[in-house]
Structure formats: C-alpha cells, structure tokens
Amino acid sequence: DGADRIKYNRDRERNTVLDTLDKEIVRDAARFLNDGEKMQLSYAVQNTHRTVGTRTSSHIVQNFGMRNNLQPDHLTVKLKGSAGQSLGAFAAPGLKIEVSGDANDYVGKGLSGGTIVVYPSPKNSLVSNENTIIGNTVLYGATSGKLFASGQAGERFAVRNSGSLTVVEGCGAHGCEYMTGGAAIILGQVGDNFGAGMTGGMAFIFDEKKNFENYVNPNSVIWQPVETDFWKKYLNDILKQFYNETNSKIAKRIITEYDRELKNFIQ
C-alpha cells in the first residue's frame with residue numbers, strides 16, 4: 001500500500017500555477033532592468049493579483065542594489081481596478097506603484113523604499129475621506145518608502161511601521177500599533193486603541209471632531225497641538241506632496257486654509 005501511494009503521488013498532476021502580473025511587468029520593464037531606462041507601464045488589476053511589485057522589486061535589488069541611486073519613480077507601474085492582497089509588499093527604491101481604484105489588505109507590507117499611491121477612480125462619486133480605499137494591516141513592518149492613499153485604511157494601519165512615511169484619510173482600530181519609526185499623517189477619524197505599544201515615530205491626526213482622546217491609548221503615547229515651526233512646515237510640505245499625488249479634496253482644503261486648519265491637528 002505504501003509503495004502504491006508513493007507512486008500515486010508521483011504520478012499526480014500538479015495544479016497549474018498561472019503567470020503573475022509581476023511576470024508581465026518584469027518582461028515589459030526589460031529596458032529599465034537591463035539599461036536603467038526610466039519607464040512607465042500601465043495594466044488592469046483585479047483582486048486575484050497578489051503581491052504586485054514584489055517580484056519586480058527583487059529584480060531591482062539584484063540589478064541596482066538596495067541602496068540604489070534610482071529616482072523614486074524610475075519605474076512607474078499604473079494600475080486600474082481593485083488590487084489583491086499585499087500590493088507593493090517589500091517594494092524597493094525606484095519602484096512607484098499607482099492605483100486608480102482600491103486595494104485589499106497588507107498594502108505595503110515590509111515596504112522597503114518604494115512608493116505606493118492609491119486614489120479613487122474618477123468614476124467613483126463617493127467622498128474619499130468617508131470611505132475605505134485600502135484594507136487591514138497596511139504597512140506591516142515597513143522600513144522605508146512612502147504610501148499615499150486618498151481614502152480610509154482598515155484596522156491595524158501602520159502596525160510595526162519602523163520607517164515609512166504615509167498619509168491616509170482615516171483608519172480603523174489599533175492604528176500605529178507597535179510603531180517604532182517613520183511618520184503617519186491621518187486626515188480624519190481614527191479607531192479605538194490608537195497608538196497601543198507605539199514606541200517611536202511620529203503621528204499627526206486631523207482631529208476636526210475633537211474626539212481623539214476617546215480613541216487614543218493613553219498608556220503608550222503623549223499628544224499635543226503642532227507647535228514648532230519645524231513640524232508645521234514638515235506637515236504642510238507632506239500634505240502638498242500628498243495632494244499632488246492623489247488630488248485629495250480634504251488635503252486641498254487643509255492646505256488652502258493651513259493656518260486655520262492647523263489648529264485641528266494633534267501631534
């Protein structure tokens with residue numbers, strides 16, 4: 001019986017593994033990967049496409065190194081649709097992923113220097129800062145890079161973020177949990193238990209409703225208004241970057257009336 005079972009296992013056909021979107025990206029980006037040519041590629045994406053950008057990032061590191069001199073958008077991958085889990089996981093410097101649509105959980109997991117931008121489709125009539133555009137556990141373990149999302153993130157946003165910069169328009173429970181570095185700017189409501197176990201980094205919350213104290217974990221963090229000129233300028237500069245990338249309506253409003261709106265921020 002044992003011999004027959006082994007023979008059966010050997011003779012069984014393996015499930016066919018479909019080619020990934022990344023395989024197509026790597027093929028189309030040959031001039032970039034081989035010669036360093038700046039490129040922009042466009043694709044339709046759907047939620048069965050997972051870890052888009054991860055294999056491409058592996059090739060970037062192999063060809064140019066982790067500490068490369070590539071421009072942040074040296075290879076720009078534009079996607080339209082709903083991206084699957086782990087969009088831009090471990091994305092490397094030189095890769096920019098831009099999504100017109102939305103994305104599932106684990107966006108930017110282990111982000112390692114790449115740039116991810118997510119904004120609603122022009123056909124979407126929903127108010128971005130009142131609706132979720134990226135899923136749960138975004139930026140888990142991110143070490144560097146940027147994530148700009150014009151919409152809300154799910155639960156455990158920026159959990160264990162240790163160096164990336166991010167701007168979103170709201171998040172669910174446990175935001176910035178165990179965060180050790182980097183910066184998170186949240187232009188809207190946060191969920192319960194914000195900042196639990198947060199030991200480093202900086203967060204800015206647009207607390208227009210004046211209810212942040214009802215959601216923050218007071219055992220882990222301290223908070224105050226934005227007071228120093230350095231942080232006021234830093235926040236303004238990043239919001240302008242965010243607006244330029246996403247055309248966020250709430251960011252535009254804050255920038256236009258910055259001196260007045262600054263009073264609504266908690267640092």
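Begin by selecting Val117, which you will find in strand β4 (residues 112–119); strands here are DSSP runs of E with at least two residues, helices are runs of H or I with at least four, and both are numbered from the N terminus. The model is a predicted one, in which local features need pLDDT of at least 70 and side-chain atom pairs count only at pLDDT 80 or more, while totals for chains, interfaces and linings use all residues. Residues are numbered from 1 along each chain as its sequence is written, and side-chain values use heavy atoms, with hydrogens and water left out.

Val117 is buried, with a relative accessible area of 0%, where buried means under 20%, exposed over 50% and partly exposed in between, for a 1.4 Å probe and protein chains only. Not counting residues up to four places away in sequence, Val117 touches Lys96, Ile97, Glu98, Val99, Phe148, Glu245 and Thr246, a contact being heavy atoms within 4.5 Å.

Next, select helix α5 (residues 229–246) together with helix α6 (residues 249–256), whose axes come within 9 Å and cross at roughly 145 degrees. These axes are lines fitted to C-alpha atoms, for helices over the stretch in contact, and the angles run from 0 to 180 degrees between N-to-C directions. Asn236, Leu239, Lys240, Phe242 and Tyr243 of α5 make the contact with Ala251, Lys252, Ile254 and Ile255 of α6.

Now colour Leu79, Leu87, Ile134, Phe157 and Phe194, which touch the most other members of the largest nonpolar core, a group of 53 residues. Such a core is a set of buried Ala, Val, Leu, Ile, Met, Phe, Trp, Tyr and Cys residues joined through side-chain atoms within 4.5 Å. A second, separate core has 20 residues, including Val167, Ala183, Ile185 and Leu239.

The last stop is the aromatic rings, of which the structure holds ten pairs. Rings of Phe, Tyr and Trp (its six-membered ring) pair if their centres lie within 6.5 Å, and planes under 30 degrees apart count as stacked, over 60 as edge-to-face and the rest as tilted. Select Phe206 and Phe265: their ring centres are 5.1 Å apart and their planes stand at 50 degrees, so this pair is tilted. Because Phe206 lies in strand β8 (residues 202–206) and Phe265 in strand β9 (residues 265–266), the pair ties together parts that are 59 residues apart in sequence. Phe206 is buried, with a relative accessible area of 3%, and Phe265 is buried too, at 1%. Finally, select Phe204, Phe230, Trp231 and Tyr234, which ring pairs link into a cluster.
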